[in-house]
Amino acid sequence: MAQPQLFRIFLLTLLTALLPSLTLADQQLSPALPLRSSSRWILDANNKRIKFRCVNWAGHQEANIPEGLDKQPLTYIVDWIKKQGFNCVRLTYSTDHALSPNVKVSDSFIKAAADAGVNVQATTALYNNVTLKNPAFGGNTTTRDVFASVVDTLWAAGIFTILDNHVSKASWCCNLTDGNGWWDEAFGFNKWNSRFFKTQEWLQGLKAMAIWSRDHPGVVAMSLRNELRAFLLQDLNGRADWYKFIKQGGDIVHANNDQVLIVVGGAQSSTDLVHLRDGNRMLDTSGWPGKHVWEMHAYSFTVNFPDAFQNCDVVKAQYGFYSGFVLEQNKPYTGPMILSEFGVGMTGGSENGLSEKDSRYLNCLVDYMQNNDADWAVWALQGTYYIRDGVVDYDEGWGLLKHDWSDWRNPEFPKMLKKMWEVTQGPQAKPQQKPQAKRVRRL
C-alpha cells in the first residue's frame with residue numbers, strides 16, 4: 001500500500017512544480033488589454049494582432065435583453081459560440097436601455113407587449129421561459145444585470161464584446177421611417193427618420209454605457225451608432241453633421257472609458273466613408289488616438305453594392321471605393337475596418353441552402369475579405385426574436401441558430417466563410433488556422 005501513497009505524493013509534487021508554468025502559458029493565450037488600433041490593425045498591449053471573428057447578438061428590441069434566453073441557458077449559448085471559433089460578439093443595445101438600466105426583466109417584458117402591440121400574456125410566457133432556462137434572471141433582476149451576465153460570461157470564455165448602439169427607441173431596425181436614422185439636431189430634420197434619435201440622449205446613453213463597461217473588461221470596443229442613414233433634406237451639408245456628432249460621440253466615450261476601441265460607421269447605412277478620401281477631411285480622432293476602428297455593412301440588397309452585371313470584380317471594386325479603401329496603409333484615414341454586418345437567408349435555396357443570389361453575393365464578399373484579411377461580424381446569432389414586427393417568438397431565417405437555439409440552422413454555412421476564419425496578414429503575422437474551441441483564462 002505504500003507504493004500508491006508515494007506515487008500520489010510524487011504526482012502532487014510534480015503538479016505543484018508545473019503549476020506556475022502552466023498558469024503562465026494559460027495567461028499567454030489570453031490577449032493583453034487594452035486593445036488599440038495601429039495603421040490598419042487591431043493590436044493587444046503586447047503588439048500582437050487581434051482579428052475579430054464575431055457574431056452579432058441582438059439585444060436592442062423591445063424586451064431590452066439579448067435574444068434567446070427563453071430558448072437555452074446563457075452558458076449553453078456562450079459555449080456554442082466559443083466552440084464554433086468565434087472570438088467576439090457584437091452585442092446590440094438601445095438608447096432606451098442605456099438610460100433606463102434598472103428596469104426589472106419581468107417589467108420589461110410587460111412593457112414590451114405594449115410597445116410592440118402584442119398580447120401581454122404572450123410576453124409573460126416568454127419571461128417565464130427565460131427564468132425557466134436562466135433562473136438567475138428572475139425576481140428583481142434588471143435588464144442591465146442580464147447584459148452584465150452576458151458580457152461577463154462571454155469574457156470568462158475568452159470572447160470579446162463590442163457594444164453597438166443599434167437604435168434609440170428599442171425596436172427592429174432599419175428603414176427610413178423608423179425614427180432612428182439620423183440625429184434630430186442635424187440639418188434637415190424630419191420626424192420620419194429622426195423623431196426618436198434625440199442627439200443629447202444618444203450622447204448621454206454612450207456616456208452611461210462607457211462608464212458601465214469600465215467594470216466589465218470583456219467590453220473592448222463600443223460602436224457609436226448602427227447604420228446612420230439620412231432622408232430627404234438631411235446630410236446635404238457636406239457631411240458636416242456626421243463629422244460633428246461622430247466626434248462628440250467618440251470624445252464622450254473615450255473621456256469615460258479610455259480602454260475601449262471606438263467603432264465608426266459611415267453614412268448610407270454604414271456603407272459610405274467616401275468623404276474621408278479627401279486628405280483634408282479626416283475625422284478628428286485626436287481626442288481618442290489609437291482607438292478608432294471603421295465599420296462597413298454589406299448585404300446582397302445593399303444599394304451601394306449592386307450586382308447588376310453579376311460580376312464579382314465590379315462588386316469588389318464598389319466595396320473598396322465606398323469603404324474598403326480605409327485599409328490602405330500610410331493614409332490620413334488608414335485604420336482597421338470591421339465588416340460588422342453581413343449575412344444570408346440560411347435555408348430554402350438550391351446552393352447548400354442559400355439562394356443563387358445570396359450564394360453569389362457571399363462567395364464574392366468572402367473573396368474580398370480573404371484578400372484583405374479584415375475583421376468581421378456575421379448577422380446574426382439569434383434563431384428567434386422575443387418580438388419582431390408584431391410577432392411573438394419570431395423565427396429568424398438569417399439566424400445561425402435554429403429556432404430552438406440548439407445548433408446550426410445551416411451546418412454548411414461556416415465552411416462557406418473559408419479563410420475568413422484565419423489570420424493571414426498583420427504587422428508580424430504568421431498564418432493561423434481557424435481556432436479550435438479551448439478554455440481561455442479570464443484576465
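Reader: Which residues of strand S10 are on one side and which on the other, and are they buried or exposed?
Author: S10 covers residues 375-378. Asp375 and Ala377 sit on one side, Trp376 and Val378 on the other, and all are buried, so both faces are covered. Buried means under 20% relative accessible area, exposed means over 50%, and partly exposed is in between, using a 1.4 Å probe and protein chains only. Strands here are DSSP runs of E with at least two residues, helices are runs of H or I with at least four, and both are numbered from the N terminus.

Reader: Before we go on, what sort of model is this?
Author: This is a predicted model: local features need pLDDT of at least 70, side-chain atom pairs count only at pLDDT 80 or more, and totals for chains, interfaces and linings use all residues. Residues are numbered from 1 along each chain as its sequence is written, and side-chain values use heavy atoms, with hydrogens and water left out.

Reader: Back to S10. How many bridges join it to S3?
Author: Three, and the two strands run parallel. Strands count as paired if DSSP finds at least two bridges between them. Cys54 stands opposite Ala377 of S10.

Reader: What about S9 and S10, how many bridges there?
Author: Two, again in the parallel sense, with S9 spanning residues 337-341. Trp376 in S10 is the bridge partner of Leu339. From S9 the chain passes through H12 to S10, a right-handed β-α-β crossover. Right-handed means that, with the strands pointing away from the viewer, the path from the first strand over the helix to the second runs clockwise.

Reader: You mentioned Cys54. Which cysteine does it join?
Author: Cys88, through a disulfide with an S to S distance of 2.2 Å. The cut-off for a disulfide is a pair of cysteine sulfur atoms within 2.5 Å. Cys54 lies in strand S3 (residues 53-57) and Cys88 in strand S4 (residues 88-94), so the bond ties together parts 34 residues apart in sequence.

Reader: Why is it called right-handed?
Author: Because the torsion about the S-S bond of Cys54 and Cys88 is about 90 degrees. Cys54 is buried at 0% relative accessible area, and Cys88 is buried at 0% too.

Reader: How many disulfides are there in the whole structure?
Author: Three. With the bonded cysteines numbered in sequence order, the pairing is 1-2, 3-4, 5-6.

Reader: Where's another one?
Author: Cys173 and Cys174 form one, with their sulfur atoms 1.5 Å apart. Cys173 is buried at 9% relative accessibility, while Cys174 is partly exposed at 29%.

Reader: And what does Cys312 pair with?
Author: Cys364, at 2.2 Å from S to S. Cys312 is in helix H11 (residues 312-322) and Cys364 in helix H12 (residues 356-372), so this pair links parts 52 residues apart in sequence. Cys312 is partly exposed at 28%, but Cys364 is buried at 6%.

Reader: New topic. Where is Leu203, and is it buried or exposed?
Author: Leu203 is in helix H8, residues 199-213. Leu203 is buried, with a relative accessible area of 8%.

Reader: What does Leu203 touch?
Author: Gln248, Gly249 and Ile252, leaving out residues up to four places away in sequence. A contact means heavy atoms within 4.5 Å. Leu203 and Val253 are 50 residues apart in sequence, yet 8.6 Å apart in space, C-alpha to C-alpha.
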